[in-house]
Amino acid sequence: MTFTSWQFGIFVAVVFGLYYLPAFRALQVQLLVVASLFFYGYGQPELLPLLAVAVFGTYLFVVLALRNRSIWLPMGIAFNLALLAFFKYKFLFVDTTSPALVGESPIDFLLSLPLPIGISFFVFHNISLLVDLTKQKDAPSLASVFLYIIFFPQLVSGPITRAGLFIPQIGPKFLADVQYVDAAKWILTGYFFKLYVANNLNEMTSYMSFPLYETLQTQDRWLLVFLYSYQIYADFFGYSAIAIGLAVLFGYRLTINFDLPYISKSFSEFWTRWHISLSSWLRTYLYIPLGGNQKGITRTYLNLMIVMGLGGLWHGAGLSYLMWGVLHGFLLVIERPLLGRLQSIDSTVVRTAQMCFVFLCVTVLWIFFKLPHFDHAIGYLTGMFVPSTSPNPPKLFYNLALLYSLPVIIQHFAPRALFERRLRGAEPFLYGAMAALMYLEAGPETAFIYFQF
Amino acid sequence: MQMVTVQWFVKCGLTTAVLLLACGFATARFGHGLQMPSTTTRDGSLITLNRYAKEPIPDVVLVGSSLTFRLKEEYFATTKLRNLALAGGSPVTGLEIVANQPRLPKIVLVETNVLSRATDNVLVEKYSWRGNAEPLFFRPVRTVVASYENWLHAPVTHAQAFSAHARLLKQPPSDFDNHVYVDRAVQQSNTEDPTVATQINVQRIEQLILALEQRGARVLLFQLPLSKELENARSIKIARDIVHARFPESDRWLTINVSRSELRWADGVHLDERSAFIVVQSIDRAVSLLL
């Protein structure tokens, strides 16, 4: 069940209605757990047992780690990483479409299971749960653990909210406390960015696929990379905004996932603005335990490369994802000694140049996301620097590209004060116009890009 | 719920409603005549299908894949002709749509080079009954762009377009080196086995031909010329053998008489503009004898 389907709308309405009935007040957590299981099992019921194994297994390790943290915490983390590794990286070693894999039916069954939607996200939730909660004395209830891991707005693609931030929020919720306007603003913004921006741009960036991209003119290759940059932002920001808005409806606050990433003036700043919940997670549970920046310059650089490389592989088992992560790590390493000097220069021109450079690099590296087959990505990239020989290039409408990208550009570059003060009175009209436009001008239905991770 | 919250939702809802109403009114008043810009080749096909569903039934209709999609309507001297070929689609999709209309063209030409693709049931459903294809609301952003593009590039008449393309014939065939594209197309064709899909499609084409001819239309099959290397590729040969075995009668086929030395396939598969125009001339000649 996707966020953009009518079935999902009905699902949310029914769950919302039941959730705030006085009769269900004592069972709100259980109701959300059942609803989340329904949501997850709607498309892939065969994967529900896997979700149960992940949750029950993690809960067991939490209980054991409360008795002996030094032994059971690493075991719990290893259990979750093994789950992730098996389901995400088995495709590197076995052809899962083959009728007989190893000849043992239970193993064949496991090997032939598809990639469980959201596994990368709920495994990271599990690890956060193990690390954060085992520092305390009491184990949370099983229902709380279940809700934290499988809460439907964040189950499939995050935000990866830390257990220490989510579990304390669990408690009775009342209809009178719901922040309706806040929820509506998040949800409308999310759907608008997904339906109007991302889905329309997706039509154009479909020309970036192999072998279609070989028909493109050189300048159109460049244009499409920038459009994809806007698309992936609109798609993932849209998803995150919908998730945050839905959580508000049920009385929960999820982590903000994006903060205008394309105005970043450095790569380190970019990672504090893009997919914030993942970068925070990696910093808390990987970079700092590796030693962070406390063990000398060389070790800091190595840690950055390891974290970014693994961050790339977290997205998928492929050379393109690894390359994307490693190159980001490389950029972080290169800029680190220059950061202080650049930040000390008080010049609008320099700041603008920094912003443009970071945006350009980040945008070009998205090619490895769009084309997970490494040879295709390199082919596309190479074609951006040589004249096109295509005899019959497709016609792209630049004005249409601009109009579909405009919301991302306005969001990033319009002065905040304009919206927060002068246009505050016009806010409901603006959201109403967005609602109309996302219905009238919605692009063809496509899955959220981050669903594949 | 607080009054401020209620007011917020009322303003938001009213704005949405007013904009939808305005767009609905504008669509009913002005919207249907405007040619929308297509961002993909599928969009281009949809424009043609929209026109087919709205305008008077033509004398001749072509259905096919992206190979036939390249035979632009403005290349044809036959004016009452529509090309319903779908880039990336199956000829059966177009044939189903034509067969589901209450009135039929005199002649339906069915390309049979690519028969391994499944019918697009969504398109068939959408365009099968005349009058159902009109949207309630047009897309405002695309409408603005369409108006601008139409203002910038005023549409040429059929005669102007035809004479412009006729000038192409005075030029020599392209000397573009396409061997990379041909090799890739052949490699892809050699790895595919279209037998099952082609058999299903050929059977459906046979049923549709029977239905169309019982209602008075004439249906002819044709195969567009491909490069020599691709003609001999595995999946192309399999498809050709299956369709010729099912339709062995020579009068079921529209013969395309062209000099192959004049034809070029710039991307390895599709005819380039000049070659498409040459092929169209041959089809024009054959069709004029049948009308």
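**A helix residue of chain B and its setting**

Author: B:Val180 counts as exposed because 12 C-beta neighbours lie inside 10 Å of it; a residue is buried with 20 or more other C-beta atoms within 10 Å of its own, exposed with 12 or fewer and partly exposed in between, the C-beta atoms being placed from the backbone. This is a predicted model, in which local features need pLDDT of at least 70 and side-chain atom pairs count only at pLDDT 80 or more, while totals for chains, interfaces and linings use all residues. Residues are numbered from 1 along each chain as its sequence is written, and chains are lettered from A and ligands numbered from 1 in the order in which they are written.

B:Val180 belongs to helix α8 of chain B, which covers residues 179-191; helices (H or I, at least four residues) and strands (E, at least two) are DSSP runs numbered from the N terminus.

Although B:Val180 is exposed, buried residues make up 36% of the 291 residues in chain B. Of the contacts in chain B with a separation of 6 or more, 79% are between residues 24 or more positions apart; two residues are in contact if their C-beta atoms, placed from the backbone, lie within 7 Å.

The strands of chain B that form a sheet can be read in the order β2-β1-β3-β4, and this open sheet of 4 strands has parallel pairing, where two strands pair if DSSP finds at least two bridges between them. Its edges are β2 (81-83) and β4 (218-222) of chain B, each of which pairs on one side only. Strand β1 of chain B, residues 60-63, runs parallel to β2(B) and is joined to it by 3 bridges, and B:Val61 has B:Arg82 in β2(B) as its bridge partner. Helix α4 of chain B (residues 91-99) packs on this sheet, where it touches β1 and β3 (107-111) of chain B. Helix α9 of chain B (residues 195-214) also packs on the sheet, touching β3 and β4 of chain B.

Chain A itself is divided into domain 1 (6-176) and domain 2 (180-452), with bounds that come from an automatic or database domain assignment. The C-alpha centres of these two domains of chain A lie 27 Å apart, and 25 residues of domain 1 are in contact with 22 residues of domain 2. On the domain 1 side, the elements of chain A that give two or more residues are α1 (6-19), α4 (69-89), α6 (119-133) and α8 (152-155), and α6(A) gives the most, with 5 residues.

For a contrast with the residue we began with, consider A:Leu254, which counts as buried because it has 24 C-beta neighbours inside 10 Å. A:Leu254 sits in the loop between α11 (218-249) and α12 (267-270) of chain A. Not counting residues up to four places away in sequence, A:Leu254 touches A:Gln154, A:Pro159, A:Thr161, A:Ala243, A:Ile244 and A:Ala247. A:Ile409, by comparison, is 155 residues from A:Leu254 in sequence and 25 Å from it, C-alpha to C-alpha.

Chain B has a mean pLDDT of 86, with 92% of its residues at 70 or more; among its elements, helix α2 of chain B (residues 41-54) has the lowest mean, 70, and β3(B) the highest, 96. Chain A averages 90, and 98% of its residues score at least 70, with the lowest confidence in helix α20 of chain A (residues 416-422), at a mean of 74, and the highest in α11(A), at 96. For the complex, the predictor gives an ipTM of 0.85 and a pTM of 0.83.

Key
Axes fitted to C-alpha atoms, helices over the stretch in contact; angles between N-to-C directions. pLDDT = per-residue confidence, 0-100.
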